[in-house]
Amino acid sequence: GLRLAATGGAFDVEFDSERVTYEGEAELASALATVDLHPFAGGFRLSLGALVNDNTLSGEAPIRDLLLDEGIAVPPGIALGELVAEATVEPVAPYAGIGWGSAPGGGGWSLSLDLGAAWHGEPEVDLEVQGPLAGLAGRPEVVQAIAEEERELEAELEDYSLFPVVALSLSYRF
């Protein structure tokens, strides 16, 4: 059998590197296409397919926290910008899973469960400063601290190469 599924939504998250805590949002926007094989002619199935993925993780943190942690002198009372991080993954990911539900050709209502994962690779982080950096912009130690923070975030997220899929579905076949 062939199946198509879509996922969407967003939720607030908090994530951190070793030095800074980010407040942000995880946005889920993906579509899954699978070919289902029923090796025992019953409800058990093996699924292979692809996940078209536009999921992102983004967040903001005060750059002042990073600079102070690095030992960079920050004059009190000046306005500083925010660190803005966005993590993205590969746009197309292979998917494998198992499931239980009605075999192809059945009619009426059915309930099914799918467990699987898509390998979307290690997330890539883009880290920018939005807002003023006052007299600190362009200083080598500031540029180095921001670059190191981006590498740290990527290292923190590298364990999230798999996108887990757990789906409980209610469907009706004509």
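How many residues does helix α2 have, and how far does α2 reach from its first C-alpha to its last?

**Ground rules.** I'm working on a predicted model, where local features need pLDDT of at least 70 and side-chain atom pairs count only at pLDDT 80 or more, while totals for chains, interfaces and linings use all residues. Residues are numbered from 1 along each chain as its sequence is written, and side-chain values use heavy atoms, with hydrogens and water left out.

**Entry 1, helix α2.** I looked up the span: α2 covers residues 140-157, has 18 residues and reaches 26 Å, close to the 26 Å expected at 1.5 Å a residue. The expected span is 1.5 Å times one less than the number of residues. Helices here are DSSP runs (H or I, at least four residues), strands are E runs of at least two, and both are numbered from the N terminus.

Next I asked which residues of α2 are buried. My list reads Val-142, Ala-145, Ile-146, Glu-149, Glu-152, Leu-153 and Leu-157. Seen down the axis of α2, these buried residues fall within an arc of 125 degrees, so they line one face of the helix. That arc is taken from the directions from the helix axis to the C-beta atoms. On the other side of α2, I found Pro-140 and Gln-144 exposed. For the cut-offs, buried means under 20% relative accessible area, exposed over 50%, and partly exposed in between (1.4 Å probe, protein chains only).

I also checked what covers the buried residues of α2; the cover includes β1 (2-16), β2 (21-37), β4 (56-62), α1 (63-69), β5 (82-88) and β8 (124-130). Contact means heavy atoms within 4.5 Å.

I note eight salt bridges in the structure. A salt bridge is a side-chain nitrogen of Lys or Arg within 4 Å of a carboxyl oxygen of Asp or Glu. Side chains of opposite charge can pair when their charged atoms come close.

Which residue does Glu-70 meet in a salt bridge? I get Arg-19, at 2.0 Å, N to O. Glu-70 sits in the loop between α1 and β5 and Arg-19 in the loop between β1 and β2, 51 residues apart. Glu-70 is partly exposed at 37% relative accessible area, whereas Arg-19 counts as buried at 16%.

Two glutamates of the helix turn up here as well. Glu-149 forms a salt bridge with Arg-19, with the closest N and O atoms 3.1 Å apart. That pair links helix α2 to the loop between β1 and β2, across 130 residues. Glu-152 also meets Arg-19 in a salt bridge (3.5 Å, N to O), and these two are 133 residues apart. Glu-152 is buried, at 14% relative accessible area.

Salt bridges that share partners join Arg-3, Asp-36, Arg-45 and Asp-114 into one network. I placed Arg-45 in strand β3 (residues 44-53), and it is buried at 4% relative accessible area. Its side chain makes a polar contact with that of Asp-114 at 2.9 Å. A polar contact is a pair of N or O atoms within 3.5 Å; within protein, one must be able to donate a hydrogen and the other to accept it, and residues adjacent in sequence count only if both atoms are side-chain atoms.

I found Thr-7 in strand β1, partly exposed at 41% relative accessibility. Thr-7 touches Leu-28, Ala-29 and Ser-30, not counting residues up to four places away in sequence.
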